[in-house]
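Open the model in your viewer and keep the selection panel at hand. The tour goes to the ligand, then to a loop.

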Amino acid sequence: MLGTGLTPRLEVLGDIIPVGRRNPSPNITVYGDLSDPLFATQLLDDHRPDIIVHTVALTDVDQCEKNIRAAFETNVQTTRNIVSWALKNAPETRLVYVSTDQVYGGPGPHGEESINPLNVYGMTKLWGEDVARNLEHSLILRTNFFSLGTELRQGFAGWLIESFQQKRSITLFEDVWFNPLYVTDLSNLIVAFIKRNLTGTFNVGASETGLSKAEFALKLATQLGLDGSNTKTGSVQSADLLAPRPHDMRMLVGKVESAMNIGLPSVEDGLRQLAKDWQESVAASSGIEA
Ligand SMILES: NC(=O)c1ccc[n+]([C@@H]2O[C@H](COP(=O)([O-])OP(=O)(O)OC[C@H]3O[C@@H](n4cnc5c(N)ncnc54)[C@H](OP(=O)(O)O)[C@@H]3O)[C@@H](O)[C@H]2O)c1
């Protein structure tokens with residue numbers, strides 16, 4: 001999902017080699033399993049990249065809980081393979097490791113020092129971060145983002161839009177808070193961080209105080225002019241989810257704003273941009289000019 005938005009934007013930096021595992025995407029030019037040390041080493045030997053942007057993950061939180069081995073292989077072993085190759089062959093390699101707001105638990109908003117992962121996903125992402133930090137030029141970005149989704153992954157916003165359109169009755173959590181960025185804003189920020197040679201660990205979320213998933217959903221419906229009246233609000237506690245979920249994933253973003261001397265976009269900014277992109281895609285699919 002992030003790779004689809006990010007790949008075209010990275011092209012301003014030079015030649016890029018987008019890597020995926022097996023699911024076809026028009027962006028991807030090389031397929032293989034980065035948790036396999038032989039594949040990872042061969043790939044990196046062949047291309048000797050200056051910069052690696054690592055967006056590989058097993059992001060399904062319940063899958064991670066159910067299949068710890070897969071969570072380790074995808075979230076940790078891929079990072080180990082990349083970092084081992086770089087330490088041995090090119091320690092100056094720059095690595096951008098995309099992490100998550102699920103490394104936090106307890107009341108937020110969270111500064112970068114207050115880690116407390118509650119589930120296997122958060123723990124393995126944090127482990128991946130620690131591996132990435134072995135490289136001097138690593139940049140670790142803890143983030144959450146929303147997008148219109150892809151053919152392969154609908155994502156939260158994509159699922160909400162479909163639910164509104166189909167007038168499906170859904171329950172929205174009023175006790176889970178976050179401050180996500182729109183995928184395009186996050187992608188542009190990643191490019192800006194790379195251009196600025198930023199290193200270290202940073203929260204990269206929307207500015208301002210964040211909101212609940214229920215508030216986000218209703219703002220999305222309003223922004224797109226969709227009917228959100230079929231929804232009801234409830235607690236994440238009452239949903240029978242396998243993995244424990246943090247209630248408050250809101251991140252403080254002052255550290256990255258100071259380092260870059262910028263203000264990050266707000267959730268509203270992101271939703272406006274998403275609405276524009278959605279209208280354009282609806283118009284394109286029905287052959288009408290937006
Ligand atoms: N989605 C969110 O809301 C969210 C929130 C916070 C942070 N993040 C972080 O953002 C990053 C991107 O997330 P996303 O939602 O874009 O993930 P995604 O849509 O699931 O994409 C993950 C990509 O990694 C590839 N991949 C998985 N295992 C691989 C392996 N062993 N070797 C090579 N490629 C492999 C997948 O290929 P296949 O499809 O072929 O398996 C897929 O292209 C992740 O680091 C995630 O932790 C995501």
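**Around the ligand**

Start with α4 (68-89), β4 (94-100) and α5 (120-132): each supplies at least two residues of the shell around the ligand. Helices (H or I, at least four residues) and strands (E, at least two) are DSSP runs, numbered from the N terminus. This is a predicted model, where local features need pLDDT of at least 70, side-chain atom pairs count only at pLDDT 80 or more, and totals for chains, interfaces and linings use all residues. Residues are numbered from 1 along each chain as its sequence is written, and side-chain values use heavy atoms, with hydrogens and water left out.

Select β4 next. It gives the most to the shell, with 3 residues.

Now show the 25 residues around the ligand (a heavy atom within 4 Å). M1, L2, R21, D33 and Y121 come nearest.

Zoom in on R21. A polar atom of its side chain lies 2.7 Å from a ligand oxygen. Step to R22: a polar backbone atom is 2.8 Å from an oxygen atom of the ligand. At N23, a polar backbone atom is also 2.8 Å from an oxygen atom of the ligand. The protein covers 87% of the 900 Å² of accessible area that the ligand has on its own (Shrake-Rupley method, 1.4 Å probe).

**The loop**

Select T29, in the loop between β1 (19-20) and β2 (30-31).

Beyond neighbours within four places in sequence, T29 is in contact (heavy atoms within 4.5 Å) with both.

How values were computed: A polar contact is a pair of N or O atoms within 3.5 Å; within protein, one must be able to donate a hydrogen and the other to accept it, and residues adjacent in sequence count only if both atoms are side-chain atoms.
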